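Dear colleague,

Please find below the structure that I am handing over to you, together with its sequence. My findings follow after it.

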Amino acid sequence: TIEDNGIGRKKANEIRKLNKPEHISLGTQITESRLDLINKLHKSKLKINYIDLYDNNMQPLGTKVEIIFPL
């Protein structure tokens with residue numbers, strides 16, 4: 001599990017669209033493609049969960065990323 005206390009993915013995307021609307025981020029897509037390939041080659045069930053964190057007032061508290069390696 002990896003967790004940060006940043007502004008959250010939604011707000012980060014809004015800011016990115018304002019500052020660099022032509023930029024297309026491929027990091028998540030590339031990582032998921034690699035996991036799909038590993039899963040096919042090794043008949044495994046690796047996966048990644050992205051969880052947006054909020055306080056009781058629905059204000060962003062950051063993001064949690066879980067990388068699941070079933071045994």
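Buried residues account for 13% of the 71 residues in the protein chain of this predicted model. The chain exposes about 6200 Å², of which carbon and sulfur atoms supply 54%.

As to secondary structure, the protein chain contains 2 helices and 3 strands, arranged along the sequence in the pattern β-α-α-β-β. Its radius of gyration is 15 Å, well over the 11 Å that the globule rule gives for 71 residues, so the chain is more spread out than a compact globule. Along the principal axes, the C-alpha atoms fill a box of roughly 40 × 35 × 15 Å. Among contacts with a separation of 6 or more, 40% are between residues 24 or more positions apart.

The strands pair as follows. Strand β2 (residues 47-54) runs antiparallel to β3, with 8 bridges between them; in this pairing, Lys47 is opposite Ile68 in β3. The hairpin of β2 and β3 has 5 residues between the strands, and Met58 in this hairpin adopts a positive phi near 65 degrees. Strand β3 (residues 60-68) is also joined to strand β1 (residues 2-3), by 2 bridges and again in the antiparallel sense. Here Glu3 stands opposite Lys64 in β3.

Finally, with regard to charge, the protein chain carries 12 positive and 9 negative side chains. The centres of these two sets are 7 Å apart.

With kind regards

Methods
Residues numbered from 1 in each chain as written. Predicted model: local features only at pLDDT ≥ 70, side-chain atom pairs only at ≥ 80, totals over all residues. Heavy atoms only, no water. Helix = DSSP H or I, 4+ residues; strand = E, 2+ residues; numbered from the N terminus. Rg over C-alpha atoms; globule rule 2.2 N^0.38 Å. Buried < 20%, exposed > 50% of the residue type's maximum accessible area, 1.4 Å probe, protein only. Contact = heavy atoms within 4.5 Å. Areas by Shrake-Rupley, 256 points an atom, 1.4 Å probe, with all protein chains shown as cover. Lys, Arg positive; Asp, Glu negative; His and termini not counted. Charge placed at Lys NZ, Arg CZ, Asp CG, Glu CD. Pairing = 2+ DSSP bridges.
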